[in-house]
Every structure is written in structure tokens, then in C-alpha cells.
Amino acid sequence: MPEKNISKSEQTRALILETAMRLFQERGYDKTTMRAIAKEAGVSVGNAYYYFEGKEHLIQGFYDRIAAEHQAAVREVLDRETDLEARLAGVLKTWLDIATPYHEFAVQFFKNAADPDSPLSPFSPESEHAREEAISVHREVLHGARTKVAPELREVLPELMWLAQMGLVLYWVFDRTEGRERSYRLAERGARLTARGVSLARFRVLRPLVLEVHELFTDFLPGMTKALPDPAAKGRPPGGTPVRSR
């Protein structure tokens with residue numbers, strides 16, 4: 001297959017992003033300015049702002065790149081595996097593989113991403129595109145697995161699985177073991193636990209618990225869940241609290 005031609009504009013954008021990632025890692029996110037990024041990239045400050053409105057948009061570009069690389073890299077495991085645990089473990093470990101070169105950089109800007117008011121937060125409106133790309137991977141993990149999933153859980157489970165992945169990412173940021181070995185072990189054990197939970201959720205008595213967990217995050221992390229329907233809304237009057245059946 002012939003290589004896709006990359007326009008000069010795309011090359012310039014990629015150069016600015018690569019330069020920013022390097023400077024963020026070397027100097028820290030807070031101490032790196034757009035002027036410094038432009039100088040190192042060999043472009044004018046105006047040109048840098050043409051492609052990225054600010055440092056936050058550079059990080060969003062980084063998020064989008066990681067999401068796109070992950071989408072492509074998981075194809076092999078998703079095409080090969082039908083076991084839910086194997087599919088999920090493969091997806092999580094593939095993310096760790098892709099993120100490995102950026103570990104020190106992630107440590108540098110984590111304090112900014114952890115701020116709930118920051119556009120760098122994975123739950124922010126600015127991060128919606130990368131977040132939805134990541135959730136779509138988990139949707140595909142479920143769709144291609146031979147494990148049966150109750151219809152009312154098909155929409156909420158991918159989002160909860162992504163949230164579990166965010167827990168793995170947080171652990172990975174602070175993981176100092178060689179090769180982030182403990183993070184890989186956590187990915188495997190987390191996938192096993194999730195697969196068992198999904199399997200058990202086929203029993204009707206446990207489905208309300210899953211929906212309750214999703215409702216919890218809908219109420220307290222609205223930015224995370226606005227793209228998906230709220231299953232509890234069926235019994236909730238406008239502006240009111242859920243009406244529960246007895």
C-alpha cells in the first residue's frame with residue numbers, strides 16, 4: 001500500500017507538537033512557553049499559534065495522537081481474540097506500550113491534568129474527542145466478545161471500563177517499577193476482574209448495581225457521561241430525583 005502523502009501543513013503541525021512534547025518533558029509544562037516551542041521548532045510564534053491556540057491545545061493534540069495510535073494498535077488483538085478478558089487485557093496493555101515513551105512527560109503535567117477545572121483533565125469538554133475515541137475502543141471490546149451482555153448494559157459498560165482504564169493510567173503515572181511491570185500486572189488482573197463482573201451481570205439481580213454505579217458517575221462526573229444516555233433517566237422526572245420501583 002503506498003504511503004499516504006503528508007502535506008507541508010501537517011508536517012509543520014507535527015513538528016510543533018513533537019517539539020512541545022520534548023520541551024514539556026525537559027523543562028516542565030508550566031515553564032515551557034509557546035514562544036520557546038516556536039523557537040525550538042524553527043517557526044514563528046504566530047505560526048505556532050495558527051496551529052495550536054495555546055499549550056492546552058498542544059496537550060489535546062497529544063491526547064488525540066495517543067487515541068489514534070491506540071485505535072490502530074489494538075486491531076490485531078481485537079481481530080484475533082473473542083474472549084472478553086483477553087480482549088480487554090490486550091487493549092489495556094497496548095495502551096501501556098504506546099504510552100511508554102511519554103511516561104516522564106506524563107509525570108510532568110499530571111498535576112495540571114488532575115485539576116478538575118483544567119482543560120487538560122480527561123473529563124473536560126476539551127478532552128471529549130479523545131475520551132470518546134477511547135470509550136469507542138471499549139465498546140468494540142464488548143461487541144466482539146463472545147460473552148453475552150444484557151441490552152440495558154451495552155451502553156453503560158464501555159464508559160465504566162474506560163473509567164477503570166483511567167485508574168490504570170493514574171497508577172502507571174506513579175509506577176516506578178522496571179518496565180512499569182506492576183502496571184502491566186494491574187492491567188491483566190483488572191481485565192480478569194472486569195470480565196468476571198460482566199459475566200455475572202447477566203444475572204438480572206446484579207444489573208441494577210451496574211446501573212447504579214453508572215448513575216453515580218453521571219451525577220458526579222457529568223462531563224464524562226454526557227455523550228451517553230443515562231439509563232436512570234427513564235424513571236426520573238425533569239429536574240427531579242430518580243423514581244425507583246419497589
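Biologist: Among contacts in the chain between residues at least 6 apart in sequence, what share joins residues at least 24 apart?
Modeller: Among those contacts, 68% join residues at least 24 apart, where contact means heavy atoms within 4.5 Å. Please keep in mind that this is a predicted model, in which local features need pLDDT of at least 70 and side-chain atom pairs count only at pLDDT 80 or more, while totals for chains, interfaces and linings use all residues. Residues are numbered from 1 along each chain as its sequence is written, and side-chain values use heavy atoms, with hydrogens and water left out.

Biologist: And how many helices and strands are there in the chain?
Modeller: The chain has twelve helices and zero strands, where helices (H or I, at least four residues) and strands (E, at least two) are DSSP runs numbered from the N terminus.

Biologist: How much of the chain counts as buried?
Modeller: Of its 246 residues, 43% count as buried. Buried means under 20% relative accessible area, exposed means over 50%, and partly exposed lies in between, using a 1.4 Å probe and protein chains only.

Biologist: Which residues touch the most other members in the largest nonpolar core?
Modeller: In that core of 65 residues, they are Phe24, Leu58, Ile59 and Phe109. A nonpolar core here is a set of buried Ala, Val, Leu, Ile, Met, Phe, Trp, Tyr and Cys residues joined through side-chain atoms within 4.5 Å. Helix α9 (residues 156-174) gives the largest share of this core, with ten residues. The core lies between domain 1 (7-52) and domain 2 (55-218), because both of them give residues to it; the domain bounds come from an automatic or database domain assignment.

Biologist: What does Phe109 touch, then?
Modeller: Leaving out residues up to four places away in sequence, Phe109 touches Tyr29, Ile59, Phe62, Tyr63 and Leu120.

Biologist: Those are a lot of rings to keep track of; how many aromatic pairs are counted?
Modeller: The count comes to six aromatic pairs. Rings of Phe, Tyr and Trp (its six-membered ring) pair if their centres lie within 6.5 Å, and planes under 30 degrees apart count as stacked, over 60 as edge-to-face and the rest as tilted. The rings of Phe24 and Tyr29 have centres 5.1 Å apart and planes at 55°, so this pair is tilted, and both residues are buried. The rings of Phe62 and Tyr63 also make a tilted pair, because their centres are 6.4 Å apart and their planes are at 45°. Ring pairs link Phe62, Tyr63 and Tyr102 into a cluster.

Biologist: Which charged end sits over the ring of Tyr29?
Modeller: That of Lys55, which sits 4.4 Å from the centre of the ring. For this, NZ of Lys or CZ of Arg must be within 6 Å of the ring centre and within 35 degrees of the ring normal.

Biologist: Let's switch to helix α7; which of its residues are buried?
Modeller: In α7 (residues 103-113), the buried ones are His103, Phe105, Ala106, Phe109, Asn112 and Ala113. They cover an arc of only 135° around the axis, so they lie on the same side of α7, with the arc taken from the directions from the helix axis to the C-beta atoms. The buried residues of α7 pack against α1 (8-27), α4 (55-73), α6 (84-99) and α9.

Biologist: Can you zoom in on Phe105: what is its relative accessible area, and what does it contact?
Modeller: Phe105 has a relative accessible area of 1%, so it is buried. Setting aside neighbours within four places in sequence, Phe105 is in contact with Met21, Phe24, Gln25, Ile59 and Phe62. Phe105 and Gly28 are 77 residues apart along the chain, and their C-alpha atoms are separated by 7.9 Å.

Biologist: New topic: where is Tyr171, and what does it touch?
Modeller: Tyr171 is in helix α9 and is partly exposed, with a relative accessible area of 32%. Not counting residues up to four places away in sequence, Tyr171 touches Arg182, Ser183 and Leu186.

Biologist: Last one: what is the phi of Arg180?
Modeller: Arg180 has a positive phi of about 55°, although it is not a glycine, and this residue is found in the loop between α9 and α10 (181-200).
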